[in-house]
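Here is a short tour for anyone who likes to start from the coordinates. Have a look at the chain first, and then we can go through it together.

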Amino acid sequence: MRATMNSLAALLGGLAVVASAGMAIAQETPPAGGEPRDFNLAEATEFELPNGLGVTMVPYGKVPKTTVQLVIRTGNIDESADEVWLADLMGDLMKEGTTTRSAEDIAREAASMGGSLNIGLGLDRSSVSGTVLAEFGTELVALIADVTLNPAFPESELDRLRGDRIRQVSISRTRAQSVTQERFRAVMYPDHPYGRLYPTEEQLQGYTLEQVRGFYEANFGAARSHLYVTGMFDEAAIREAIETAFSGWKEGPPATVDIPEPVTGRAVHILDRPGAPQSTIQVGLPTVDPSHEDFVALTVTDALLGGSFASRITANIREDKGY
């Protein structure tokens, strides 16, 4: 037993020496970057259907795949103060099938094309998209159209999906980052959809199928939507598929334009959370919008300094300081 313990001690001591030696080794300098290569994007084909749906098709790459994305300019921006996450619940229900396909049918059909179909809801835009093998591009267009134009909104799934959203909010409010972000948004954008990050449990419990359908009818339409097709595809066949699948879609209202007026005064807000394992500090201020000539340069600068995991501040804290 004593011999075993001595051997173990010697091994641990050896590991400690190796670890100490490893920590003393200077960080290896990464290889220099190569010369940037020219990039020429293929010329796009654009057209518009009579109902207002815009279409952009861009042939790209040599991998035999086609990506189709329908973007609708709606989301949380079109919610009232007592409808927070109603759009998200609508998106959840859209995934549960159409008037002719079940959720399982949609998943199987997309998988049989070598891909999948996704629905995303955001602050001011929503999307229905997928990527499949190029030979199934026209079928993907038809599937996206069915999911978008003919959602079933099955009542049988409403309670389950509301419960999922309630759990999501409950978990988020236990995390320092989420609590900080909620206060930050409320302070920066008071009385605006951008400032309402989470609903209450009572709000989620109270949403009805009629409200979900009402939100869909009021905010989904061709006039505020744009369809993008990229990858390898037969342009004539895809165009015909788009016209067949989407020509009957209602025009609907134009997109909501509700530009917030952010608060610009200096202020410090402290949220005391006794027993919290970490502290979160968030600093923010209004800056230029994407139309400004410096927007791209500032975005790159932000990523370099601290906006990405590979930023300088992360390298300093994790690699240089070892925190």
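## Charges and surface

How far apart are the mean positions of the positive and negative charges of the protein chain? In this predicted model, the separation comes to 8 Å, with 27 positive and 44 negative charges counted.

The accessible surface of the protein chain is about 20200 Å². Carbon and sulfur atoms contribute 54% of that area.

## Overall fold

Let's step back to the whole chain. The protein chain holds 11 helices and 6 strands. Its C-alpha trace spans about 80 × 55 × 50 Å along the principal axes. The radius of gyration is 26 Å, whereas a compact globule of 323 residues would have one near 20 Å.

Of the 323 residues, 32% are buried. Among contacts with a separation of 6 or more, 77% are between residues 24 or more positions apart.

## Aromatic pairs

Now for the rings: how many aromatic pairs does the count give? It comes to 5 aromatic pairs. One of them joins W85 and Y198, whose ring centres are 5.9 Å apart; their planes meet at 70°, which is over 60 degrees, so the pair is edge-to-face.

Elsewhere, ring pairs tie F153, Y216 and F220 into a cluster.

## F233 and its neighbours

One more phenylalanine is worth a visit. F233 is placed in the loop between β6 (225–231) and α9 (235–246). Which residues does F233 touch, leaving aside those up to four places away in sequence? The contacts are with M57, V58, P59, T66 and I238.

For a sense of distance, take F233 together with D159, which is 74 residues away along the chain. The C-alpha atoms of F233 and D159 are separated by 41 Å.

Conventions. Residues are numbered from 1 along each chain as its sequence is written. This is a predicted model: local features need pLDDT of at least 70, side-chain atom pairs count only at pLDDT 80 or more; totals for chains, interfaces and linings use all residues. Side-chain values use heavy atoms; hydrogens and water are left out. Helices (H or I, at least four residues) and strands (E, at least two) are DSSP runs, numbered from the N terminus. The radius of gyration is taken over C-alpha atoms; the globule rule is 2.2 Å times the number of residues to the power 0.38. Buried means under 20% relative accessible area, exposed over 50%, partly exposed in between (1.4 Å probe, protein chains only). Contact means heavy atoms within 4.5 Å. Accessible areas come from the Shrake-Rupley method with a 1.4 Å probe; for residues, only the protein chains shown count as cover. Lys and Arg count as positive and Asp and Glu as negative; His and the chain ends are not counted. The place of a charge is taken as NZ of Lys, CZ of Arg, CG of Asp or CD of Glu. Rings of Phe, Tyr and Trp (its six-membered ring) pair if their centres lie within 6.5 Å; planes under 30 degrees apart count as stacked, over 60 as edge-to-face and the rest as tilted.
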